[in-house]
Amino acid sequence: MNTWENMAPNRRILLIDDMPSIHEDFRKVLGNPARAAELDEVEAALFGGGTQAVAAGFELDSAYQGQEGLAKVCQSLAAGQPYAMAFVDMRMPPGWDGIETIEQLWQQDPQLQIVICTAYADYSWDEILRRLAVGDRLLILKKPFDAIEVFQLANALTAKRQLTQQAALKMADLEAAVHERTEGIQSANNALTAEIMERKQLESRLVQSEKLASIGQLAAGVAHEINNPVGFVLSNVSTLNDYVEDLLNMISAYEGAEASIGSADVVAALKSLRVRLELDHLREDIPSLMKETREGLVRVRQIVQDLRDFSRVDSHQDWQWADLHRGIDATLNIVGNDVKYQADIIKEYGAIPEIECLPSQLNQVIMNLVINAAQAIGKERGKITIRTGVAGDQVWIEVADTGSGIAKENLSRIFDPFFTTKPVGKGTGLGLSVSYGIVHKHLGRIEAQSEVGKGTIFRIVLPVRHPG
Ligand SMILES: Nc1ncnc2c1ncn2[C@@H]1O[C@H](COP(=O)(O)OP(=O)(O)OP(=O)(O)O)[C@@H](O)[C@H]1O
Ligand SMILES: [Mg+2]
């Protein structure tokens, strides 16, 4: 390939003149190496410095009419060997004159350097300049010629063409280099953008898991502190319930014995006390108060348990190989009763291998998801679809519902502990954060995809083997 650095020098010259004797003269001046050497010396004496290129001599081609000259230029271009320059005579009857010839030549090769040779002009110079938008490609040589003039013109213009061409090639090289660089930068930029995106995602996952971890630690502490008092309060309440029942029985017995009290005053005092204390109301209210208290405490205990699970402080973790489908089926059996009035449960199980996991905890995740799905479905009957599948060394489980969907602004918060959109008493907002903790412990992922009004898909991805 021609690059500007290894370009061969172009010393090809075309002479277009109708007079054969002129060709002879030019050949003597330009085609003769001895003459060239001689002129070399003259030039060195005149201009100083080395003239190595000159000694290489010129290749001189002849044409005797403008049309012939044009044909030669076309041939040379086709052969990839363009002339560096042409000397063109002004008057060349019967064919084109110099101006016409030059116009034709430049149409083929706009870079061709031209010297127009003339003794007298049929045109004014102004006219010539106007007709040939000359620029810097045209020089004028007036007859009679001086050999050194001809030689120096040839020398300078071939070099000029060479330099112009080199500059163009260099420009093209530079453009290619810039293009290459730009592409490189573009692809580096793309890679960078992709990396930044990836990092951002990673960061947000990290933030989420750090957030959960710190909340988890706090929760673990709180859960631990609450667990004991809740335990004994619950047991005391049970005992208290028994005692109160006994006391009420005792009071009933005393009431039954009132008839055998001799003193009317005592009977009247007891009656007024009974009225004042609203004993009948107490009798009715106490058992339901006790029942509510117990239920409240059971719920507190469940929350504490959830918090402990969420915070992963559960000490006896039992990693075992288990069939997820069995776990899912068992879980559906437990929650099925609540769910089946609201939704059809569709199972689309794939062929998945057993995985190394904490089965009871995964069951809890499934339970949370199924209950959430059912709660999202509302009054109109919907569908809950449970799908499983395998992808490489991971299995996935999807729980999809046709429920309300999750608003965009909530989607990033659903795994936060205590985030709930449900009325007080219906949701604590722990289900998903506990699930997140469990899935995380399995070194898996849980993600939600949702469209408001259409439904939600939760997807869990778990490694088949628990590494570590
Ligand atoms: N399948 C679902 N469809 C619509 N919204 C959902 C779904 N699952 C979860 N959500 C939203 O995420 C919130 C958090 O869910 P999460 O299970 O953590 O708590 P909760 O169900 O509100 O309470 P809890 O599970 O503790 O009883 C829900 O309140 C609800 O707004
Ligand atoms: Mg829930």
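Colleague: What volume does the largest pocket have?

Modeller: This is a predicted model, where local features need pLDDT of at least 70, side-chain atom pairs count only at pLDDT 80 or more, and totals for chains, interfaces and linings use all residues. Residues are numbered from 1 along each chain as its sequence is written, and side-chain values use heavy atoms, without hydrogens and water. A pocket is an open set of points on a 1 Å grid over the protein atoms alone, where a 1.4 Å probe fits, with protein on both sides within 12 Å along at least five of seven lines. With volume taken as the space filled by probe spheres set on the points, the largest pocket has about 1,000 Å³.

Colleague: Which helix supplies the largest share of the lining of the largest pocket?

Modeller: Helices are DSSP runs of H or I with at least four residues, numbered from the N terminus. Among the elements that each supply at least two lining residues are H9 (279-310), H11 (359-377) and H13 (431-441). The largest share is nine residues, and it comes from H11.

Colleague: Is H13 mostly covered or mostly open?

Modeller: Buried means under 20% relative accessible area, exposed over 50%, and partly exposed in between, with a 1.4 Å probe and protein chains only. The buried residues of H13 include Leu 432, Tyr 436 and Lys 441. Nine of its eleven residues are buried, and H13 is mostly covered.

Colleague: Which side chain does Asp 109 meet in a polar contact?

Modeller: Asp 109 lies in the loop between H5 (98-108) and S4 (113-118), and it is buried because its relative accessible area is 5%. A polar contact is a pair of N or O atoms within 3.5 Å; within protein, one must be able to donate a hydrogen and the other to accept it, and residues adjacent in sequence count only if both atoms are side-chain atoms. At 2.7 Å, the partner of Asp 109 is the side chain of Arg 161.

Colleague: What is the phi of Glu 278?

Modeller: Most residues other than glycine have a negative phi. Glu 278, in the loop between H8 and H9, is partly exposed at 49% relative accessibility. Although Glu 278 is not a glycine, its phi is positive, at about 50 degrees.

Key. Chains lettered and ligands numbered in written order. 1 Å grid on protein atoms, 1.4 Å probe; cavity = no way out; pocket = protein on both sides within 12 Å on 5 of 7 lines; lining within 4 Å.
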